[in-house]
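Dear colleague,

Please find the structure below, handed over for your use. My notes on it follow directly after.

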Amino acid sequence: VEDVPILFANAFVSQIDSQTLDSLVLTVGQMTQPAIAGATEEERRKQVESVAFVPIKPVVRLGLTEARARELMATLGANLDHLEAARKLSPGDPR
């Protein structure tokens with residue numbers, strides 16, 4: 001596992017397999033938000049309104065049975081709980 005790169009992901013889409021209704025397709029991707037740098041709030045608002053499309057680069061698409069989707073949810077939930085507990089133990093840590 002150590003030789004597999006860790007990829008940043010910040011965009012997620014989950015879809016039901018509409019043909020079989022027995023699994024989910026989870027798409028994980030990378031989205032880079034456009035730079036918004038107007039000097040005033042009005043300029044920034046206009047810049048945001050002019051953005052027609054923000055591309056997302058897919059990193060992986062996973063097919064998950066219902067059981068595996070629930071397992072993934074439980075695993076992530078438990079790890080988030082551990083992360084929260086670790087942060088409480090290290091209140092001065094800037095991470």
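The notes below take the sheet, the hairpin loop, the pocket and a helix in turn.

This is a predicted model, in which local features need pLDDT of at least 70 and side-chain atom pairs count only at pLDDT 80 or more, while totals for chains, interfaces and linings use all residues. Residues are numbered from 1 along each chain as its sequence is written, and side-chain values use heavy atoms, with hydrogens and water left out.

The sheet

An open sheet is formed by 3 strands in the order 1-2-3, with antiparallel pairing. Strands (E, at least two residues) and helices (H or I, at least four) are DSSP runs, numbered from the N terminus, and two strands pair if DSSP finds at least two bridges between them. Strand 1 (11–16) and strand 3 are at the edges with a single partner strand each, so one side of each has no neighbour in the sheet. On average, neighbouring strands of this sheet are turned by 20° against each other, direction ignored; the axes behind this angle are lines fitted to C-alpha atoms, for helices over the stretch in contact, and angles run from 0 to 180 degrees between N-to-C directions.

Strand 1 and strand 2 are joined in the antiparallel sense by 6 bridges. Within this pairing, F12 stands opposite V28 in strand 2, and I16 stands opposite L24 in strand 2. Strand 2 and strand 3 also run antiparallel, with 9 bridges between them. On that side, L24 has L64 in strand 3 as its bridge partner.

The hairpin loop

The hairpin of strand 1 and strand 2 has 6 residues between the strands. L21 lies in this loop and has a positive phi of about 55° although it is not a glycine. At 66% relative accessibility, L21 counts as exposed; the classes are buried (under 20% relative accessible area), exposed (over 50%) and partly exposed (in between), with a 1.4 Å probe and protein chains only.

The largest pocket

The largest pocket holds about 160 Å³ of space. A pocket here is an open set of points on a 1 Å grid over the protein atoms alone, where a 1.4 Å probe fits, with protein on both sides within 12 Å along at least five of seven lines; lining residues have an atom within 4 Å of a point. The lining consists of L7, A9, F12, L26, V28, V59, V60 and L62. Strand 2 (23–31) and strand 3 (56–65) are the elements that give two or more residues to this lining, and strand 3 provides the largest share, 3 residues. The lining divides into 8 nonpolar residues, no polar and no charged.

One of the lining residues is L62, which is found in strand 3. L62 counts as partly exposed, at 35% relative accessibility. Its C-alpha atom is separated by 5.5 Å from that of V25, although L62 and V25 are 37 residues apart along the chain.

Helix 2

Helix 2 (residues 66–89) has 24 residues. Of these, the number buried is 1, so helix 2 lies largely in the open.

With kind regards

Conventions:
Expected span 1.5 Å × (residues − 1). Points joined across faces, edges and corners; volume = space filled by probe spheres on them. Nonpolar A, V, L, I, M, F, W, Y, C, P; charged D, E, K, R; others polar.
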